[in-house]
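Try each task first, then follow the solution step by step.

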Amino acid sequence: MKKYLLYLLLSVIPLTAFPQRNNRAVESNDMITQLEKFTYFFRYLNGSYIEPVDNAELVETAIKDILAELDPHSSYISPEDMIEVSESFEGSFSGIGVQINTLNDTLHVASVISGGPSEKVGLYPNDRIVEVDGTNIVGMSQTEAVKLLRGPKDSDVNIIVVRPGETQKLTFRIVRDDISLETIDAAYMIEPGVGYIRVNRFAQTTMREFRDAFASFDSPQALILDLRGNGGGLLGQSIDMANFFLPRGSLIVSTEGRMVPDENYRGNAQGAFLTGKVVVLIDEFSASASEIVSGALQDWDRAVIVGRRSFGKGLVQRQFPLPDGSAVNITVSKYLTPSGRAIQRPFEKGNQSDYYDEFVNRFNIGYRDSLNTADSLRFTTLRLGKSVYEGGGIYPDYYVEADTTGYSDYYVSLIRKGVIFELSNLTLDRSRNELLAEYPTVQAFRDRFTVGEAMLQELKDLGEKREVPFDEEGYANSRENITERLMFYLARNLYGETGAYVIVNSNDPIVGKAIEVINNWDTEAAGIATAGI
């Protein structure tokens, strides 16, 4: 029911039905007066309306509409959906590998689980899923939609997605799989003395996994912490991660709110890596807890931040239970970095579409994000006193533009239809043992394996079978991307998740810049960060 229905209903009730009050009382904005007003309305509606009223639906719709008028992150959770809430932080399941939210009756992809089926076909955060296997799911409850998306491992599901910025709906064929919720994607020595750890989210086990990964390194002198694509998670885990690099008592993040006490969160342990070079990688999908970590290390001049501006999700929600088992997530405060910068990206109340569309605009070809220092509040870091600015999200010390070359429609269609992933599986079914014998390590595979013409021809033929017509120009433009993605999938299957990132990081410009910073620390990090604290 539209949010203006309440006004229309009220307009047909005679004014004499309300007790007479003076104008001052009627115009009051205090909570008690307005709650009393709504209670009168609700009683009149049930006692007078021409048809029976579905009170549960009315109240649920009213709650959703009210929250939608406030900010982009306050939300309602139905009793059925509450069962699913904790699953993203513990356990495992079989499905397509996304976390989802419902907004305006439409299923939104909140984040894509690294290594999961949806990542393989190119699903993005903020994609709107509108159809599953021919069933329109707009208006369907989140619980019912999730049932359609989940299914046995290795089964197919076809979904149709609306993506902001795209004029046509997008079709994806996804092969369901068991979804592992480990939070460390990769951990290895990327160069002598330089460790690399990629963290995909902050869940209950993150810091245990992180400490184990770090302990596996042989006396690292530097660390690349990759938080790209990390949509956040548990606050406590992000505080502990920042504390890993900072002394006991260091301010990590603070919160400010209207009705809740302001709080300062400090590291409660002596950091395990207080001396050593640190580079943190972020991008537009790094949000919330990721921004707390990168913001704290930037403000303490403890790390060089490389990549692209983070998402800017800096509002704190508190979950309040409702009597029927549902709940509301209500924004109660905002996050501030140690220097005092607000993390949250600016938004207009009630205009959630523009809020998310502005984020999507970052992927337009030729887009170059820049920080308008003239219109941004200026702050200074806590040790070196360098200037940092509040403009929504964390802006990196070194900005690396997104590489949009090689992304032809042909290449994107191959990904969405799962053709490249399918070919990698077919190849392994035939040649796994031979490949492992010839390339016993991922380093050997990276250095000596090549995607030959026979495999590329098989890809073209398989694409035709999967309704991806061959496009000579698109193929030529995207050949390098196609071969790299094939190698990524092959390495993931042969050598595990870390092996896959050994491949992809070899040609990653952001990782390349991080290594450049570490190898030329005295000049590249001068005035930005120090190697000890």
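**Exercise 1. Find how strand S13 is joined to S18, then trace the other partners of S18.**

Step 1. Strand S13 (residues 251-257) and S18 run antiparallel and are joined by 4 bridges. Strands here are DSSP runs of E with at least two residues, helices are runs of H or I with at least four residues, and both are numbered from the N terminus. Two strands pair if DSSP finds at least two bridges between them. One place to look is Thr 255, whose bridge partner in S18 is Tyr 335.

Before going on, a word on the model. It is predicted, so local features need pLDDT of at least 70 and side-chain atom pairs count only at pLDDT 80 or more, while totals for chains, interfaces and linings use all residues. Residues are numbered from 1 along each chain as its sequence is written, and side-chain values use heavy atoms, leaving out hydrogens and water.

Step 2. Now turn to strand S1 (residues 75-77), which runs antiparallel to S18 with 3 bridges. Ile 77 has Ala 327 as its bridge partner in S18.

Step 3. S17 is also antiparallel to S18, joined by 7 bridges, and Phe 320 stands opposite Val 328 in S18. The hairpin of S17 and S18 has 5 residues between the strands, and Gly 325 there takes a positive phi near 95 degrees.

**Exercise 2. Work out the strand order of the six-stranded open sheet, and what packs on it.**

Step 1. The order is S10-S11-S12-S15-S16-S21, with mixed pairing. S10 and strand S21 (398-399) are at the edges with a single partner strand each, so one side of each has no neighbour in the sheet.

Step 2. For a parallel pair, take strand S12 (residues 222-226) and strand S15 (residues 277-282), which share 5 bridges. Asp 226 has Leu 281 as its bridge partner in S15.

Step 3. Helix H17 (residues 509-519) packs on this sheet and touches S10, S11, S12, S15, S16 and S21; its direction makes about 160 degrees with that of S15. Axes are lines fitted to C-alpha atoms, for helices over the stretch in contact, and angles run from 0 to 180 degrees between N-to-C directions. Contact means heavy atoms within 4.5 Å.

Step 4. For an antiparallel pair, strand S10 (residues 184-191) meets strand S11 (residues 194-199) through 6 bridges. Ala 187 stands opposite Ile 197 in S11.

**Exercise 3. Decide whether Gly 307 is buried or exposed, and list its contacts.**

Step 1. Locate Gly 307 in strand S16.

Step 2. Its relative accessible area is 0%, so Gly 307 is buried.

Step 3. Leaving aside neighbours within four places in sequence, Gly 307 is in contact with Ile 282, Pro 396, Tyr 398, Tyr 399, Val 400 and Ile 510.

How values were computed: Buried < 20%, exposed > 50% of the residue type's maximum accessible area, 1.4 Å probe, protein only.
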